[in-house]
Amino acid sequence: MTNSFSFRLHATDGRARRGEITMPRGTVRTPAFMPVGTAGTVKAMYLSQVRELGADIILGNVYHLMLRPGAERVARLGGLHDFARWPHPILTDSGGFQVMSLAELRKLDEKGVTFRSHVDGSVHSLTPERSIEIQGLLDSDIQMQLDECIRLPAERAEIERAMELSLRWAERCKIAFGDQPGKAMFGIVQGGDLIDLRIRSAERLAAMDLKGYALGGLAVGEPQDVMLATLDETVPVLPQEKPRYLMGVGTPDDIIKSVARGIDMFDCVMPTRAGRHGLAYTRRGKINLKNSRHAEDHRPLDEESGCPAARDYSRAYLHHLVRSGESLGGMLLTWNNLAYYQDLMAGIRAAIEAARFDDFHAEVSEAWAKGDM
Ligand SMILES: COC(=O)c1ccc(CCNc2nc3cc4nc(N)[nH]c(=O)c4cc3[nH]2)cc1
């Protein structure tokens with residue numbers, strides 16, 4: 001049980017990295033995929049199942065938890081780990097992105113952001129200091145700075161204003177976070193699709209000597225090649241010895257192409273949200289179980305999978321559950337999808353260790369190039 005936060009690189013293959021983050025609550029094997037547990041639950045899953053699939057860390061959201069049940073209440077109940085019965089590491093997003101995408105009537109200025117809850121219309125405000133305070137009340141292990149992520153396309157002046165504001169907020173978050181040995185506060189690189197601003201943001205954050213660095217402002221609708229070009233230019237500016245986290249990404253193809261560019265950590269609602277909408281992710285690509293062609297297909301999703309949801313149920317049964325709106329449909333497909341994502345990450349980690357990442361990359365991209373099955 002260490003009381004420190006450390007990141008070690010075990011192997012590299014090109015720009016792909018195999019590493020490990022060690023924290024008091026446990027170790028995170030990287031490259032890692034963090035299942036999204038927005039309101040303290042990974043929807044339609046028992047967290048014991050999430051753990052069995054190989055997840056070392058899950059993500060929570062300040063925005064949702066501050067509105068309901070409230071950060072002080074979670075603290076009174078012992079913090080998010082005890083509340084949700086997840087004793088392993090938790091990373092929490094700071095709320096900025098969710099405010100801009102979920103809240104109504106929001107005002108953003110130098111101090112922070114004021115907004116109306118999408119739950120009950122009550123007025124709330126988030127400052128860099130309050131976001132870090134909330135993440136402390138949740139007892140979060142990796143805390144994200146409060147930032148401003150703007151939608152693209154946008155004018156250069158607007159992108160620069162938001163990027164500079166996010167840098168000032170990073171400084172304020174660093175001060176508010178102080179020195180918490182077993183925990184980390186990550187900075188978030190902004191700058192939209194303007195490489196010079198991205199590099200300036202990364203350099204200024206690197207100079208703050210933070211424990212990890214996220215790439216924000218991406219996976220906001222830009223084409224994959226724009227996202228990847230941004231990584232090509234920005235990742236090399238970040239310190240080698242610190243973890244890099246690409247926020248909100250992504251499809252299996254996004255993930256493997258981003259690992260190839262030096263990213264260590266990912267989160268995305270895709271496997272869980274798509275699962276609840278009838279979509280299955282498998283080694284051979286995506287399957288939409290709503291499609292009537294599955295109505296009498298007795299084959300499982302993947303007979304070779306270690307996950308019962310993929311191996312023991314026919315596509316016909318899954319089709320029936322999805323068409324009938326039965327809860328078990330979303331539960332089984334979420335289970336299958338998270339199993340696939342964790343198997344993908346385990347495959348990536350093993351491929352980097354065996355110096356065969358390029359071959360593995362080709363295998364995954366080829367399967368996904370086929371598209372819907
Ligand atoms: C079925 O799949 C889906 O519905 C679905 C929805 C959204 C995303 C994209 C999520 N993208 C994304 N999440 C993000 C979260 C972020 N947080 C902070 N603090 N700063 C950012 O700059 C930021 C950027 C993001 N980009 C991906 C998938």
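**Around the ligand**

Start by selecting Arg273: an N or O atom in the side chain of Arg273 lies 3.1 Å from an oxygen atom of the ligand, and a polar contact here is a pair of N or O atoms within 3.5 Å. Taken alone, the ligand exposes 600 Å², and the protein buries 79% of that (Shrake-Rupley areas, 1.4 Å probe).

A word on ground rules: this is a predicted model, where local features need pLDDT of at least 70 and side-chain atom pairs count only at pLDDT 80 or more, while totals for chains, interfaces and linings use all residues. Residues are numbered from 1 along each chain as its sequence is written, and side-chain values use heavy atoms, with hydrogens and water left out.

Next, click Asp93, where a side-chain N or O atom sits 2.8 Å from a nitrogen atom of the ligand. Then move to Ala219: a polar backbone atom there is 2.9 Å from a ligand nitrogen.

**The cysteines**

How many disulfides does the structure hold? It holds 0, a disulfide being a pair of cysteine sulfur atoms within 2.5 Å. Select Cys149: its nearest cysteine sulfur, that of Cys268, is 14 Å away. Cys149 is buried, at 7% relative accessible area, and Cys268 is buried too, at 6% (buried means under 20%, with a 1.4 Å probe and protein chains only).

Note on methods:
Polar contact = N/O pair within 3.5 Å; in protein donor to acceptor, adjacent residues only side chain to side chain. Buried < 20%, exposed > 50% of the residue type's maximum accessible area, 1.4 Å probe, protein only.
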